[in-house]
Amino acid sequence: MIGDTTFQLQNRNKGNIDMNLQEQISRMKSMMSLVIESKYENYKKNWDYVGSSYTDFDINEPLSVSIYLFPNEKGFLVELFYNNSLVGEFHSFVDEEEGQMNDIEIKEDFQGKGLGKILLLVSINVSNNYLGFFQSDPRGLTKSQEYVYKSLNNAGILKNWNEINYNEAQNFIDKITKEL
């Protein structure tokens, strides 16, 4: 069984370290997250910070958003904060050949609370306002991303993956915010 597989890792200072597959995956995700954070911190220096403009939603405490626009309408970054701590990011870049490529991440401690759905709605709204369109990533969706899209669609908040019912979406955002 994969979950029970144990790896032996060599460490010059500590000898062998036993680590199961889940621990290894968790550590790799943490390291990748740090690399991605530092990469986007460097990118953000060249992007235009626009606060929470470019979204038509009212985002109220304890939530807040920060939006950065990449020059020449080539992309954007939306950050979602809870009590001033970063809990999620949506990155979008428009490639002339591939189309709109998107990445979304919600920190593990905040998953399952509706924050990914809020981040997606705000990001679709920013995309429509800044780029003039939104398309799901042509590289495909993860199972959890597909679930988020489908649940918003089934609730009547999202239609055709990119059309937002703004009244329903704002009601959803307000409900989740009050439940936090």
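The model is predicted: local features need pLDDT of at least 70, side-chain atom pairs count only at pLDDT 80 or more, and totals for chains, interfaces and linings use all residues. Residues are numbered from 1 along each chain as its sequence is written, and side-chain values use heavy atoms, with hydrogens and water left out. Helices (H or I, at least four residues) and strands (E, at least two) are DSSP runs numbered from the N terminus.

**Loop between β3 and β4**
- Glu61 and Pro62 are joined by a cis peptide bond, with omega about 15°.
- Pro62 sits in the loop between β3 (48-49) and β4 (63-70).
- Tyr54 is found in the loop between β3 and β4, and its phi is positive, near 75°, in a residue other than glycine.
- Tyr54 counts as partly exposed at 34% relative accessibility; buried means under 20% relative accessible area, exposed over 50%, and partly exposed in between (1.4 Å probe, protein chains only).

**Loop between β5 and β6**
- Asn84 lies in the loop between β5 (75-82) and β6 (85-95).
- Phi of Asn84 is also a positive value, near 65°, in a residue other than glycine.
- Asn84 counts as exposed because its relative accessibility is 71%.

**Helix α4**
- The buried residues of α4 are Ala169, Gln170, Phe172, Ile173, Ile176 and Thr177.
- They lie on the same side of α4, because they cover an arc of only 160° around the axis; the arc is that of the directions from the helix axis to the C-beta atoms.
- Asn167, Lys178 and Glu179 are exposed on the other side of α4.
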